[in-house]
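Please go through the packing in this model by question and answer.

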Amino acid sequence: MNRRQVLWAGVGLGSAVLGFRRGEAQEGGNLAERLGYKRDQRLLMIHADDLGMCHSVNVASWKAMTDGVVSSASVMVPCPWFPEMAQWAREHPNMDLGLHLTLTSEWKLYRWRPVSPINEVKSLLDDQGFLWRSVADVKKNAKPEEVEAEIRAQIRRALQFGMKPTHVDSHMGTLFSDRKFFEAYVRVAKEVGIMPMLPGPTPEILQQAALLGLDYKAIVRDLQKQGMVVLDVLNTSLEGNDYEARKRAFEVFVKGLQPGVTELICHLSGDDDEIQHVTGNWRPRYNEFRLFTEPASRKLLEDHGVKLIGYRELDKLWKR
């Protein structure tokens, strides 16, 4: 995932925070209260994206989840190294693993195709027969019914491989880029009984949703009445071009955490030949791997009273 990629159509988020502003609460209190914690408890999910993309990402993510502070992650089903991730998921059933529903294949030479039979989802393919490279390309070309068919196929394959996903979210935010894509995302998640990641209705989100003809604040209220769980805060990345800068950014982030549930997205890898041949932008991934596996990061969280949770805890609330 490109760190400057959009989550919702037209919004370049980078390190922007999505969620409720201070003093603004979800119906029934903030998410910490609804989970049974005190109102002022700061709960954090450090969430790794892109598992299954390649072996380097898989290995780094395993270590960060077992020995580090990454508390949740999501897996890309169409990618070549998905079977390895599915095997690890079966061997580690208590790990918090969701599905990173994937409609783009963004790298220059390392590409993947849909899970669905090609003749059934032709609008999802570029002229080379792979998934489109960008969100804009998907939005321009993909038929909503074929988008829905593909995300159903990805969920079905994950279940066939023995995974028990804790949640679903969207690679590069593609399913948030079009009104009909978003409706399919929520509808499918409800039908299959897997919690969808939903960001809070910030002014930026509300503005961009309005361009799609969505009253997102009203949608969130309606979804919450149906039992959907909405994050208090979503942060899509840390700033910093090198390791020390990213480490300082994490310290600032932790010290500024507000009560409720915050999700911080990260992207991890090693520094090996494989990832360096996949992307020239591998260093930020390796730096985040280093950051989230060093003992000082756990101590930082403990010193500031931040509790790590995962989607499994949110899923219990949703199902309850």
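Predicted model: local features only at pLDDT ≥ 70, side-chain atom pairs only at ≥ 80, totals over all residues.

Q: How many residues does the largest nonpolar core have?
A: Among the residues with the most contacts inside this core are Met 53, Leu 97 and Tyr 185. Phe 250 and Phe 292 belong to that group as well. The number of residues in the largest nonpolar core is 99.

Q: Which phenylalanine does Phe 292 touch, leaving out residues up to four places away in sequence?
A: The residues that Phe 292 touches include Ile 46, Val 69, Leu 238 and Cys 266.

Q: How many residues of the contact of helix 5 with helix 6 are charged?
A: From helix 5, the contact includes Val 147, Glu 148 and Arg 152; from helix 6, it includes Lys 180, Tyr 185 and Glu 191. The contact divides into nine nonpolar residues, no polar ones and a charged group of five.

Q: Why are the buried residues of helix 12 on the same side, and what arc do they cover?
A: The buried residues of helix 12 (residues 295-303) are Ser 297, Leu 300 and Leu 301. They are on the same side of helix 12 because the arc they cover around the axis is only 95°.

Key: Residues numbered from 1 in each chain as written. Heavy atoms only, no water. Core = buried A, V, L, I, M, F, W, Y, C linked by side-chain atoms within 4.5 Å. Buried < 20%, exposed > 50% of the residue type's maximum accessible area, 1.4 Å probe, protein only. Contact = heavy atoms within 4.5 Å. Helix = DSSP H or I, 4+ residues; strand = E, 2+ residues; numbered from the N terminus. Nonpolar A, V, L, I, M, F, W, Y, C, P; charged D, E, K, R; others polar. Arc of directions from axis to C-beta.
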